[in-house]
Amino acid sequence: MVTTPDDTTLRDEGLAPVGAGRVLLLACGALAREILAVKESNGWDHMTLACLPAILHNTPDKIVPAVREAVSKHKENFDKIFVVYADCGTGGLLKVACDEMGVEMVEGPHCYSFYDGNAEFEARGEVTSFFLTDFLCRQFDAFVTKPLGLDRHPELRDLYFGNYEKLVYQAQQRDPALEEKAKACAAFLGLEYEYRFTGYGDLETALTSQA
């Protein structure tokens, strides 16, 4: 069993390659726990996981250069690289980069979509919902409260979230403590709360396609 680094490490540093497999899963640090769980449950020893820092999501313009650099760094050491990012705010540029480098990537606009299932997420059309995953629930302060200055200027809350109606917590694992944390996040943002257990959704489907 692989010991997953703590969330702070995954957020700020990412994860060096874990495993001896010939297929590299190059992922966002926010997905490390879930990928390792799926990998272990299926016995996919031929896959190795490496992660870029999850905090890149706060500056999506840095994702494409970081992925390019990582693919260039690792391509000689693996038979295949699969990029476990969705578009993630890159405006289609990550897909262009992956096509240029000859590597595949996860389909969908972001992790909220592929956790829900891309078709289901699109059909819901939830434009007034704010989403949390397990990782983002645990890291709410680092990804939401502090970057938006809400810890220093709580009066900005309605400026940022006035057009949202509810917070949807997409749970990958059933964890009562995280459910309570998500409820507290919804209350903090002044939003209605909805719990939705998604499991791994299309993430597991995408990983299975590479297996």
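At what angle do H3 and H4 pack, and how far apart are their axes? I found an angle of about 20°, with the axes of H3 and H4 9 Å apart. That makes H3 roughly parallel to H4, since angles under 35 degrees count as roughly parallel, over 145 as roughly antiparallel, 65 to 115 as roughly perpendicular and the rest as oblique.

I noted the ground rules next. The model is predicted, so I kept in mind that local features need pLDDT of at least 70 and side-chain atom pairs count only at pLDDT 80 or more, while totals for chains, interfaces and linings use all residues. Residues are numbered from 1 along each chain as its sequence is written, and side-chain values use heavy atoms, with hydrogens and water left out. Helices (H or I, at least four residues) and strands (E, at least two) are DSSP runs, numbered from the N terminus. Axes are lines fitted to C-alpha atoms, for helices over the stretch in contact, and angles run from 0 to 180 degrees between N-to-C directions.

Entry: H3 against H4. I saw that H3 passes H4 in a right-handed crossing; a crossing is right-handed if the near helix is turned clockwise from the far one by less than a right angle, and left-handed if anticlockwise. On the H3 side, Ile-63, Val-64, Val-67, Arg-68 and Val-71 make the contact (heavy atoms within 4.5 Å). On the H4 side I listed Leu-93, Leu-94, Ala-97, Glu-100 and Met-101.

Entry: H3 covers residues 63-74, 12 residues in total, and reaches 16 Å from its first C-alpha to its last, close to the 16 Å expected at 1.5 Å a residue. The expected span is 1.5 Å times one less than the number of residues. I found Ile-63, Val-64, Ala-66, Val-67, Ala-70, Val-71 and His-74 buried. They lie on the same side of H3 because they cover an arc of only 160° around the axis, taken from the directions from the helix axis to the C-beta atoms. Buried means under 20% relative accessible area, exposed over 50%, and partly exposed in between (1.4 Å probe, protein chains only). Glu-69 and Lys-73 are exposed on the face turned away from the buried side of H3. The cover over the buried residues of H3 includes strands E1 (15-18), E2 (23-28), E3 (47-52) and E4 (80-84), and helix H4 (93-101).

Entry: H4 alone. Which residues of H4 are buried? I listed Leu-94, Ala-97 and Cys-98. They share one side of H4, because their arc around the axis is only 100°. They pack against H3, E4 and strand E5 (104-105). The face of H4 turned away from its buried side carries the exposed residues Leu-93 and Glu-100. After H4 comes Gly-102, with a positive phi near 75°.

Entry: H2 and H11. H2 (residues 32-42) and H11 (residues 201-210) pack at about 50°, with their axes 11 Å apart. That angle makes H2 oblique to H11. Their crossing is right-handed. I saw Glu-34, Ile-35, Val-38 and Asn-42 of H2 meet Leu-203, Glu-204 and Leu-207 of H11.

Entry: two single residues. Is Ser-129 buried or exposed? Ser-129 is buried, at a relative accessible area of 7%, and sits in strand E6 (residues 129-132). Glu-165, in the loop between helix H9 (157-161) and strand E7 (166-171), is exposed at 51%.
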